[in-house]
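Please keep the structure open while reading.

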Amino acid sequence: MKALLHLNKYFYKYRSHLIIGIIITIVARLFLLYTPRYVKEIFTVIETYFAGDITKEVFKNDLFEAILYIVGAAIIGAILTFFMRQTIINVSRYIEYDLKNEIYEQYQKLSLNFYKKNRTGDLMNRITEDVTRVRMYAGPAIMYSINTITLIIMVIFYMYKASPKLTLYTLVPLPILSIIIYKLSKEIHNRSTVVQEYLSKLSTFTQESFSGISVIKAYGIEAQTSKNFKELAIESKNKQVSLAKIQAWFFPMMILLIGSSNLLVIYIGGMQYINSEIESIGTIAEFLMYVNLLTWPVATVGWVTSIVQQAEASQKRINEFLNIEPEIKNENNTETNIEGDIVFNDVSFTYDDTNIEALKKVSFTIKAGETLSILGKTGSGKSTILDLIGRLYDVNQGSITINKIPLNKLNLYNLRDSIGYVPQDAFLFSDTIKNNISFGKIDATEADVIEAAKNAQVHKNIIKFKNGYDTVLGERGITLSGGQKQRVSIARAIIKSPKIFLFDDCLSAVDTETEEKILKNLNKISKNKTSIIVSHRVSSAKNADKIIVLDDGKIVQEGNHDSLINVDGYYKELYLKQLSETV
Ligand SMILES: Nc1ncnc2c1ncn2[C@@H]1O[C@H](COP(=O)(O)OP(=O)(O)OP(=O)(O)O)[C@@H](O)[C@H]1O
């Protein structure tokens, strides 16, 4: 139960709802108990009438009164039961909502390393399935526990008052019922976990084959894919059947144990009536009703125990994530004005998970308003430099400063706000083109969006689509070409009008003519802004104020276009190679 203590703050938050819910539950159960007592009353009235102790008139009146009480109590009980669910179950929904938000907010704070160490499926499961299990504890488990405790105390009290001996015999099978239901619930849970696993395997398989349908068709492997699907589906079906088998035991076991209790009541009660140990045959009817009233709550003891165990395990998994301290922390809450003076001072960086030293004692300076171009072979550390400027990771050794202040001392939100980052793999959301661009500036007008798209040289492509800027992208909509995606992603950064532009090889999929036009526009837009352009093409780098060439995490060349084409090295080789390609 230790992990579930995390929920106490929510129980406190919704305490008034909960207290009202608990009171309603108790009162609702009180009304439920009216029925057996008035059923007994009816039997007694009938007995006394047939014994000739009361007149027909009194008999009718008493009978009518008892029926009225039973109906009245049932109606009030039903209304209160409705409100019981409306309070306690609603609280569990509120807690579910709060917990999902808490987890999501924590996810947002955690660094990229966290996402690399954990699989997306696991992250999703904790926010969906685990939270659902915890909700079962926060709502149904609490509601049924109060219900059970109230009913057991009250029913046993009334039963004991009517006949202590009969009470003892009646209650004997009930703990057995509880234990059996507990064991069954546990087994049901184990098997349904396996079923869930198979369902998610099936959906992952289907999703992947739909996403990769063009590859499947191109390679003509439809038959093999169908065979794999069938095998998985058969496994899944077998697990479902095994779950259904154990579930099928649930109600027969309940019926068997209720039947045994009923038999005991009739047999022992009948004997007691014959021996005049109980005064009315109505007591037997009353007991039969009590037994039936008790059966479900007693069965739920087993069920609730299993729910609490599952919720505890789920909350433990959730807490593991909630307790992770974000690696990248904001240590400065005051607003910082970011200018684009960037200095790398002997920066070394090793990726935690792969232990690859991506940067080795890298030093360079860019003045505000300047453009730096970074070239180098694949894997030489270019993207890592951009990631470090945006503080997606913190440096291991050396320092990076902006306006002479170390990055980790700047307000993290101001820093990221002042950066327009265009990643290597342009990621676009399943939304309209307009929203994908204005994502960079929430309050952007239509004119801003169009201007950004024009500067990114993608406006002409967009207006050719039937719905123009309202064209939906992604699964529900059209697929853009690689170059179009890159340009929409560039427009997203342009619209933000940031102090620092970071372009990570984002012109690789556009032709050199378009590249030239975009670079010209960027040149205009990025006046007084600092830009870093990572590229594999000299054409993207040649106009930069400064160019650095990386090799295996180290700077091997530094200068500008004119100086670098005159010295032997990577830049000159690349220049000559690309020059010969264009001729
Ligand atoms: N997220 C990561 N986790 C672990 N290792 C990484 C990660 N990103 C990059 N690396 C490793 O760090 C080194 C530098 O990678 P980086 O992406 O900075 O190179 P790059 O010069 O941008 O390459 P490319 O031109 O192919 O984009 C590579 O060896 C790469 O395998």
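## Basis of the description

The model is predicted, and local features are reported at pLDDT of at least 70, side-chain atom pairs count only at pLDDT 80 or more, and totals for chains, interfaces and linings use all residues. Residue numbers start from 1 along each chain as its sequence is written.

Helices (H or I, at least four residues) and strands (E, at least two) are DSSP runs, numbered from the N terminus.

## The helical region

According to an unreviewed UniProt entry, residues 19-310 carry the annotation "domain: ABC transmembrane type-1"; UniProt positions are given in the numbering used here, and annotations may be inferred rather than shown by experiment. In the model, residues 19-310 are 92% helix and 0% strand, with end C-alpha atoms 25 Å apart. The unreviewed entry also annotates "transmembrane region" over residues 12-34, 66-84, 141-160, 166-184, 248-268 and 288-308. Among them, residues 66-84 are 100% helix and 0% strand, with end C-alpha atoms 26 Å apart, and residues 141-160 are likewise 100% helix and 0% strand, with an end-to-end C-alpha separation of 27 Å.

Helix α6 (residues 120-162) and helix α12 (residues 282-322) have axes that come within 6 Å and cross at roughly 150°, where axes are lines fitted to C-alpha atoms, for helices over the stretch in contact, and angles run from 0 to 180 degrees between N-to-C directions. The two helices, α6 and α12, are therefore roughly antiparallel to each other, a term applied to angles over 145 degrees. The crossing of α6 and α12 is left-handed, that is, the near helix is turned anticlockwise from the far one by less than a right angle. The contact of α6 with α12 comprises 24 nonpolar, eight polar and five charged residues, with Ala, Val, Leu, Ile, Met, Phe, Trp, Tyr, Cys and Pro counted as nonpolar, Asp, Glu, Lys and Arg as charged, and the others, Gly among them, as polar.

## The two sheets

An open sheet of four strands has antiparallel pairing in the order β2-β1-β4-β5, where two strands pair if DSSP finds at least two bridges between them. The edge strands, β2 and β5 (405-406), each pair on one side only. Strand β1 (residues 342-350) is joined by six bridges to strand β2 (residues 357-366), and Val-347 stands opposite Val-362 in β2. Six residues lie between the strands of the β1 and β2 hairpin, in which Asn-355 takes a positive phi near 60°. Five bridges join β1 to strand β4 (residues 397-402), with Val-343 opposite Thr-401 in β4.

An open sheet of six strands, with mixed pairing, has the order β6-β7-β8-β3-β9-β10. β6 (419-422) and β10 (554-559) stand at the edges with a single partner strand each, so one side of each is left without a neighbour in the sheet. On average, neighbouring strands of this sheet are turned by 15° against each other, direction ignored. β6 pairs with strand β7 (residues 500-504) in the parallel sense over four bridges, and Ile-419 stands opposite Ile-500 in β7.

## The ligand shell

Which residues are closest to the ligand? The ligand is surrounded by 15 residues, the closest being Tyr-351, Thr-378, Lys-382, Ser-383 and Thr-384; a residue is near a molecule if its C-beta atom, placed from the backbone, lies within 6 Å of it. Helix α13 (residues 382-389) gives the most to this shell, with three residues. By class, the shell around the ligand has three nonpolar, nine polar and three charged residues.

Technical notes. Parallel < 35°, antiparallel > 145°, perpendicular 65-115°, else oblique.
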